[in-house]
Amino acid sequence: YLGCGVRRSSVDLAFMVDCTGSMEQYVNSTSRNVNGIVQQIKAKEHSHVNVALVLYRDVTCDVNRYTLPFTKDLDEVTRFMNQNCRCFKFINYYWT
């Protein structure tokens, strides 16, 4: 409750993030934008926000998809993106 009978709501928000090599230059700004979106929802809606992430990477990476289940911890969301959105291996494919 926020007082005066106003009830705090809860929002579940999932992001799917392209972490392939072509998106390397946008990874840091994407992380900041995810945090900014969550902060705006919290401030405007007086809501608890649970965030989940699905990160997909190039098929040449050892692991090409990571999933973070819903969490309220934005620091965990940022760490998860920074740790798992970094592969950027390239392989030349030759068409015959």
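Isoleucine 41 has its place in helix H1, where helices (H or I, at least four residues) and strands (E, at least two) are DSSP runs numbered from the N terminus. The model is predicted: local features need pLDDT of at least 70 and side-chain atom pairs count only at pLDDT 80 or more, while totals for chains, interfaces and linings use all residues. Residues are numbered from 1 along each chain as its sequence is written, and side-chain values use heavy atoms, with hydrogens and water left out. The protein chain contains two helices and three strands, and their pattern along the sequence is β-α-β-β-α.

**The chain as a whole**

- Of the 96 residues of the protein chain, 34% count as buried; buried means under 20% relative accessible area, exposed over 50%, and partly exposed in between, with a 1.4 Å probe and protein chains only.
- The accessible surface of the protein chain is about 6,700 Å², and 52% of this surface belongs to carbon and sulfur atoms. Accessible areas come from the Shrake-Rupley method with a 1.4 Å probe, and for residues only the protein chains shown count as cover.
- Contact means heavy atoms within 4.5 Å. Among contacts in the protein chain between residues at least 6 apart in sequence, 67% join residues at least 24 apart.

**The sheet**

- Three strands form an open sheet in the order S1-S2-S3, with mixed pairing; two strands pair if DSSP finds at least two bridges between them.
- The edge strands are S1 (9-18) and S3, each of which pairs on one side only.
- From one strand to the next, the twist averages 15 degrees. Axes are lines fitted to C-alpha atoms, for helices over the stretch in contact, and angles run from 0 to 180 degrees between N-to-C directions.
- S1 and S2 run parallel and are joined by 10 bridges; valine 11 stands opposite valine 49 in S2.
- Strand S2 (residues 47-56) pairs with S3 in the antiparallel sense over five bridges. Valine 54 stands opposite threonine 67 in S3.
- Helix H1 (residues 27-45) packs on the sheet and touches S1 and S2, its direction making about 165 degrees with that of S1.
- S2 is largely enclosed by the rest of the structure, because seven of its 10 residues are buried.

**The nonpolar core**

- A nonpolar core is a set of buried Ala, Val, Leu, Ile, Met, Phe, Trp, Tyr and Cys residues joined through side-chain atoms within 4.5 Å. The largest nonpolar core has 18 residues, of which Phe15, Val17, Val51, Leu53 and Leu55 touch the most other members.
- At least two residues of this core come from each of S1, H1, S2 and H2.
- In soluble globular proteins, nonpolar side chains tend to be buried together.
- Not counting residues up to four places away in sequence, phenylalanine 15 touches Val34, Ile37, Val51, Ala52, Leu53 and Val54.

**Residues in helix H1**

- Leaving aside neighbours within four places in sequence, isoleucine 41 is in contact with Val11, Leu13, His46, Ser47 and Val49.
- Isoleucine 41 and valine 11 are 30 residues apart along the chain, and their C-alpha atoms are separated by 8.5 Å.
- Lysine 42 also lies in helix H1 and counts as partly exposed, at 28% relative accessibility.
- Lysine 42 touches Ser47, Val49 and Leu74, not counting residues up to four places away in sequence.
- From C-alpha to C-alpha, lysine 42 and serine 10 are 9.3 Å apart in space, and 32 residues apart in sequence.

**Alanine 52 in strand S2**

- Alanine 52 is found in strand S2 and is buried, with a relative accessible area of 10%.
- With residues up to four places away in sequence not counted, alanine 52 touches Leu13, Ala14, Phe15, Leu68, Pro69 and Phe70.
- Alanine 52 and proline 69 are 17 residues apart in sequence, with a C-alpha to C-alpha distance of 5.0 Å.

**The aromatic pair**

- The structure holds one aromatic pair. Rings of Phe, Tyr and Trp (its six-membered ring) pair if their centres lie within 6.5 Å; planes under 30 degrees apart count as stacked, over 60 as edge-to-face and the rest as tilted.
- Tyrosine 66 and phenylalanine 80 form this edge-to-face pair, at 6.4 Å centre to centre and 85 degrees between the planes.
- The pair links distant parts of the chain, 14 residues apart: tyrosine 66 is in strand S3 (residues 65-71) and phenylalanine 80 in helix H2 (residues 74-84).
- Tyrosine 66 counts as partly exposed, at 23% relative accessibility, whereas phenylalanine 80 is buried, with a relative accessible area of 13%.
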